[in-house]
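Hello,

Here is the structure I promised to pass on. Have a look at it first, and then read on for what turned up in it.

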Amino acid sequence: RLPSLTTSLRLLFQGEGGGSAYLSNLRNAFLKAVPDMAGPLDELTVVVEALTALACRCRVATTLVRNFEYYTGPVFQFVANGEAVGSGGRYDGLIALVGGPPLPASGFALDAARLARLLPSADEGVAADQAICVRPASHQAEVLAATFGAASAVRRLGLWSQVALAEAQPCPYRWELTVALSPHGVAYSLYDRTSDDRRAFASLDDVLAALEAMGGAP
């Protein structure tokens with residue numbers, strides 16, 4: 001139907017490109033003959049420019065959708081170490097299709113097994129004095145949430161952190177932070193194996209300040 005686009009179709013279906021420049025090439029090659037491509041290309045351009053502003057590497061692959069007919073907008077794939085570790089997309093019509101109200105929606109799934117293979121083992125390349133175990137004193141929802149929040153906070157401080165959910169799980173590092181509930185809310189207990197010293201704290205900010213003061217942050 002559009003013999004003039006034979007060469008351009010190879011650009012669309014046989015390759016992928018690096019962001020805005022590739023989308024600009026597609027726009028120049030197709031918009032005159034297929035003006036309906038303007039909307040999808042505009043959407044992809046917004047996504048690519050936002051990712052670029054966030055310093056995230058991204059590539060555009062126009063054949064990524066495969067056979068998922070419920071997608072209504074951009075789809076995406078997360079790639080780490082050369083392999084896909086997750087994917088998702090936008091599916092504004094899906095909720096209404098199964099009987100719910102019409103809602104804008106998007107989502108993704110991660111491949112936990114592949115991601116786990118990319119993580120370092122518990123002691124691989126980790127200096128014991130620059131790592132910390134964060135342990136919940138119970139499996140109450142509030143305690144677990146505070147435990148993972150504390151692990152993220154000490155990571156941002158520069159320490160390697162490991163959440164120890166099992167009671168018998170040993171801690172091979174210098175620091176061990178226990179998270180518990182007290183009558184006043186969440187409480188923290190920090191143990192330093194090098195000095196056999198244990199200190200109690202009423203807030204996570206106090207824990208982070210103490211870690212910095214005691215040389216627990218690079």
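The side chain of E176 makes a polar contact of 2.8 Å with the side chain of R193; a polar contact here is a pair of N or O atoms within 3.5 Å, where, within protein, one must be able to donate a hydrogen and the other to accept it, and residues adjacent in sequence count only if both atoms are side-chain atoms. A polar contact of 2.6 Å also joins the side chain of E176 to that of R135.

Please keep in mind that this is a predicted model, in which local features need pLDDT of at least 70 and side-chain atom pairs count only at pLDDT 80 or more, while totals for chains, interfaces and linings use all residues. Residues are numbered from 1 along each chain as its sequence is written, and side-chain values use heavy atoms, with hydrogens and water left out.

Is E176 buried or exposed? E176 counts as buried because its relative accessibility is 11% (buried means under 20% relative accessible area, exposed over 50%, partly exposed in between, with a 1.4 Å probe and protein chains only). Leaving aside neighbours within four places in sequence, the residues in contact with E176 include I132, C171, S189 and Y191 (contact means heavy atoms within 4.5 Å).

E176 sits in strand β8, residues 175-182 (strands are DSSP runs of E with at least two residues, helices runs of H or I with at least four, numbered from the N terminus). Its bridge partner is C133, and β8 runs parallel to β6 (residues 131-136), joined by five bridges. Two strands pair if DSSP finds at least two bridges between them.

Now for the sheet around it. Five strands form an open sheet with mixed pairing, in the order β7-β6-β8-β9-β10. β7 (160-163) and β10 (197-201) each have a single partner strand, so one side of each has no neighbour in the sheet.

Two helices pack on this sheet. Helix α6 (residues 141-157) touches β6, β7, β8 and β9, and its direction makes about 170° with that of β6. Helix α7 (residues 204-213) touches β6, β8, β9 and β10, at about 145° to the direction of β10. For these angles, axes are lines fitted to C-alpha atoms, for helices over the stretch in contact, and values run from 0 to 180 degrees between N-to-C directions.

Enjoy exploring it!

Best wishes
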